[in-house]
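Dear colleague,

Please find below the sequence and structure for your review. A summary of the findings follows.

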Amino acid sequence: MYVREAHPIDEWQMKSNLKDDVCYAQPKTLEQRVAIAKDFTARFKFPLPFGIDEMGNTADAAYAAWPERLYVIDETGHVAYRGGMGPFNYKPAEVRDWLAAKYGAVKHEASAQAASSAAPAPAAASTSSPDRGSAQTPASSTK
């Protein structure tokens, strides 16, 4: 879910935003949030649907999402996993482990490529599993 910018250029920009080339002003309209989210999905080839918080920041307020937080919503629409508040308790590895324990491990492209270069192996499909996602389009430098 893309919520308000954590480090916009017109508020509190970080050097890492310049290094990673994710420099955006704080969006003032939903259309601006959508444009930033589309840039994120295109740039990082984000494979899952992704929600965008409306300008009243309802999702941010309900889930304490800013600046970053990980949730897993189960098949029934309930929160099944709630990660700690970022940045210090934002732990993608923890949610990956939780998901692997509940649904099984996912083979990542990088691991598959490393394994195939180390020793010949039969062809296998591999998928990437990002740490977040939800309803329509994704986000920028915030998680």
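**Surroundings of Arg 33**

Beyond its neighbours within four places in sequence, Arg 33 is in contact with Tyr 2, Val 3, Arg 4, Pro 27, Ile 52, Asp 53, Glu 54, Met 55 and Asn 57, where contact means heavy atoms within 4.5 Å. The model is predicted: local features require pLDDT of at least 70, side-chain atom pairs count only at pLDDT 80 or more, and totals for chains, interfaces and linings use all residues. Residues are numbered from 1 along each chain as its sequence is written, and side-chain values use heavy atoms, with hydrogens and water left out.

Arg 33 sits in helix 2, which covers residues 30–43; helices (H or I, at least four residues) and strands (E, at least two) are DSSP runs, numbered from the N terminus. Arg 33 is buried yet takes part in no salt bridge. Buried stands for under 20% relative accessible area, exposed for over 50%, and partly exposed for what lies in between (1.4 Å probe, protein chains only). A salt bridge requires a side-chain nitrogen of Lys or Arg within 4 Å of a carboxyl oxygen of Asp or Glu. For Arg 33, the nearest side chain of opposite charge is that of Asp 53, at 4.6 Å; in this count Lys and Arg are positive, Asp and Glu are negative, and His and the chain ends are not counted. A polar atom of the Arg 33 side chain does, however, lie 2.9 Å from the backbone oxygen of Asp 53.

Ala 37 also belongs to helix 2. Ala 37 counts as buried because its relative accessibility is 0%.

**Salt bridges**

How many salt bridges does the structure hold? There are two. One joins the side chains of Asp 60 and Arg 4, with an N to O distance of 3.1 Å. This pair links distant parts of the chain, as Asp 60 is in helix 3 (residues 58–63) and Arg 4 is in the segment before helix 1 (15–20), 56 residues apart. Asp 60 is buried, at a relative accessible area of 9%, whereas Arg 4 is partly exposed, at 30%.

Arg 43 and Asp 39 form a salt bridge as well, their closest N and O atoms being 2.9 Å apart. Both residues lie in helix 2, four residues apart, or about one turn of the helix. Arg 43 is partly exposed with a relative accessible area of 33%, and Asp 39 is partly exposed at 26%.

**Chain and surface**

The chain contains five helices and two strands, arranged from the N terminus as α-α-α-β-β-α-α. Of its 143 residues, 29% count as buried. Among contacts between residues at least 6 apart in sequence, 50% join residues at least 24 apart.

The accessible surface of the chain is about 9000 Å², and carbon and sulfur atoms account for 57% of that area. Accessible areas come from the Shrake-Rupley method with a 1.4 Å probe; for residues, only the protein chains shown count as cover.

Tyr 63, Ile 73 and Val 79 make a nonpolar surface patch of about 250 Å². Patches consist of residues with over 30% relative accessible area and no salt bridge, like charges being joined within 9 Å and nonpolar side chains (Val, Leu, Ile, Met, Phe, Trp, Tyr) within 5 Å.

Yours sincerely

Definitions and conventions. Polar contact = N/O pair within 3.5 Å; in protein donor to acceptor, adjacent residues only side chain to side chain.
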